[in-house]
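Visitor: I'd like to learn how to read a structure like this one. Could you walk me through it?

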Amino acid sequence: MSEHLHNDIDKLFLDSLQPHQDEPAEHVWEKIAAQLDEEDALKHKVWMRIMFRTAACIFALAIALEIPSKLHRNGNPESEVTLKNVQESVLSREKAGNSSSPQNRVAILTDYKNKSTISRNNSNGQAINRNAETISLGAGNSFNTLVPPVIQSKQENLFSGGLHFIGLQSPVSQVASPQIDMDQIGSALENQAQVIIKRGLYSLRHRLSVTPYFSQEFVGYNLSDDDATIADGSEIEKKERTVFSASGGILLNYRWKRRWVIQSGLSYSWSSSIIDSSKSYAVKVDNSNVQFRINTISGYGYLPSHSSIAPNVGDSVLTDKAYSKLHYLTIPLITNYEFKRKRFSLLVGAGVTINFLTGATLETKIYSSSFSQNEPVVAMNGLKKINYGILLKAELNYRINSKFGIDLIPCFKNTLSPINIHSALSTYPYNFGIGLGIRYQL
Amino acid sequence: MVIKSQHIPDIELQKLIKGCVARDRSCQKQVYDLFGPGMMILCLRFSRNREEAEEVLQDGFLQMYKYISQYKYKGTFEGWLRKIMINCALQRYRSKVHHFNSISLSEEHDLLTTHGDFIERISEKELIRLIQTLPTGYRLVFNLYVFEGLKHSEIASFLNIKEGTSKSNLSDARAILKKSLTRDLRMAK
């Protein structure tokens with residue numbers, strides 16, 4: 001009977017109200033539209049800011065790229081002179097009619113620190129420039145040479161057999177470089193065989209350097225409500241702000257090509273956030289346990305009850321400001337391109353990071369009339385042990401001497417996978433850091 | 001009032017949704033015009049008064065426009081929007097302190113079953129008003145159970161309460177509504 005009556009009540013309300021609608025007041029849409037306009041304006045502002053920053057980055061990069069090209073154009077005065085001499089030599093030979101035939105084609109070999117550049121005239125007399133490790137010299141090519149003093153003795157060999165180097169341009173500072181094996185070239189030319197110019201190789205030790213560094217970081221969060229129908233996401237976001245974030249570690253730099261550097265290493269990062277005072281509600285943790293739950297952007301923690309009476313589900317306590325602390329160990333892998341100018345060098349790099357969670361805690365005070373204030377430090381739950389990210393960085397180095405340099409390291413990191421699971425929000429932290437380091441050449 | 005949203009073709013609705021994703025204001029307005037009245041009655045049921053219902057409606061539509069790109073056309077758009085509205089109503093409830101205690105109700109002689117004509121004549125506005133007079137906890141449980149068709153276990157996890165509390169709240173809500181209807185019936189007589 002009672003159930004029947006209950007069903008009548010339910011049916012009465014359901015049948016009467018379900019098919020009906022109610023026109024909202026005009027001002028509701030006006031308020032919604034005004035709010036949407038505000039959001040659009042804010043988005044536009046953010047986009048403008050991003051565009052401006054991107055343009056600034058491109059401009060800075062363009063300037064950075066201009067430096068090495070200028071450097072290349074202006075170069076070392078001594079090598080310029082050498083090049084001029086070579087060209088004059090070539091021209092004089094061409095005027096003399098010695099290089100008109102394919103057999104008299106011209107090759108200019110340039111050895112910078114660890115790269116070989118070959119400029120070789122084709123049959124039409126146009127210069128072909130390319131970087132190479134191997135060149136083939138056909139039979140009958142004619143060469144003359146401006147060979148550095150240290151390998152002058154080999155010149156005779158080169159001239160013997162009717163073969164002449166037109167030019168071998170080497171900056172004076174690199175003259176002593178043993179990278180060009182003149183014996184090999186000489187004998188190869190004598191035998192009219194393939195000439196191999198080995199790229200200047202550093203020893204492993206010379207390729208390695210280490211950079212211990214410390215970086216102060218500014219953290220932001222990209223939040224994604226995977227399910228808009230789950231509550232609390234935006235509320236949590238409003239309450240929390242990051243107050244401190246930093247990282248420190250050591251980078252191992254490996255120069256695998258003249259201008260390319262690979263970096264890896266280990267860094268330790270930690271961040272601290274404040275969550276505004278709020279109510280925490282008791283929820284069922286497991287079958288026999290009910291605890292107050294405090295939510296943060298990253299995860300959540302269960303506050304122990306210090307009352308003799310266990311809380312019921314739905315009970316609430318007022319918490320003071322809560323402090324969440326996250327600790328990560330990070331292994332980066334970064335590819336860098338180096339621009340150099342005198343004592344300065346700029347490494348511009350991009351890479352990936354793998355982050356291991358090493359600790360996550362939550363600390364707050366609970367206000368209650370029945371028990372005194374407490375400051376429990378509890379573990380934070382709902383965080384992934386491992387997450388992945390990308391990294392963009394620029395590293396400006398000033399070389400103090402052959403062993404030491406100072407690094408200024410602006411860096412942008414963004415996680416590709418959320419740092420949390422089973423939360424109202426999926427959180428993708430990003431941070432911009434400015435670090436200071438010391439580079440030591442091994 | 002005729003439910004307008006049921007008459008819009010899916011293709012038209014998809015166009016409107018795409019327009020909303022692109023933040024086209026005219027599409028947003030059309031979606032609001034289509035679904036606003038249906039959602040308003042839901043908000044009225046979940047709220048204490050019309051002002052609060054309008055605030056919930058406003059929050060709900062703003063949330064919907066924000067997250068509309070996440071709508072994957074699984075299930076009806078209206079159902080998805082309903083969930084957002086309910087969520088907004090619950091969020092409002094969560095931000096305030098509420099208790100799910102039982103209150104004692106005096107036994108009333110049941111006149112309702114014998115006065116079907118009165119029941120039929122009672123307006124939906126009056127029924128809404130009756131629901132709005134329920135204590136917040138009861139109102140939420142009653143709405144979720146009767147109108148949204150949730151089970152007690154689902155309501156319990158949704159509201160972070162015990163299943164028994166949900167059952168007891170529903171029973172009390174029904175009793176209060178019955179009592180109010182009986183009083184109205186007596187006054188009408």
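**Contacts, helices and cores**

Guide: Let's start with contacts, meaning two residues whose C-beta atoms, placed from the backbone, lie within 7 Å. Among contacts in chain B between residues at least 6 apart in sequence, 69% join residues at least 24 apart. This is a predicted model, where local features need pLDDT of at least 70, side-chain atom pairs count only at pLDDT 80 or more, and totals for chains, interfaces and linings use all residues. Residues are numbered from 1 along each chain as written, while chains are lettered from A and ligands numbered from 1 in the order written.

Visitor: How many helices and strands does chain B have?

Guide: Helices (H or I, at least four residues) and strands (E, at least two) are DSSP runs, numbered from the N terminus. Chain B has 9 helices and 0 strands.

Visitor: Which residues of α3(B) are buried?

Guide: Buried means 20 or more other C-beta atoms within 10 Å of a residue's own, with C-beta atoms placed from the backbone (12 or fewer is exposed, in between is partly exposed). In α3(B), the buried ones include A53(B), V56(B) and L57(B). Those three are also among the contacts of C43(B), leaving aside its neighbours within four places in sequence.

Visitor: Which residues touch the most other members of the largest nonpolar core?

Guide: A nonpolar core is a set of buried Ala, Val, Leu, Ile, Met, Phe, Trp, Tyr and Cys residues joined through C-beta atoms within 7 Å. The largest has 55 residues, and C43(B), M85(B), V141(B) and F142(B) touch the most other members. Helix α2 (residues 25-46) of chain B gives the most to this core, 11 residues.
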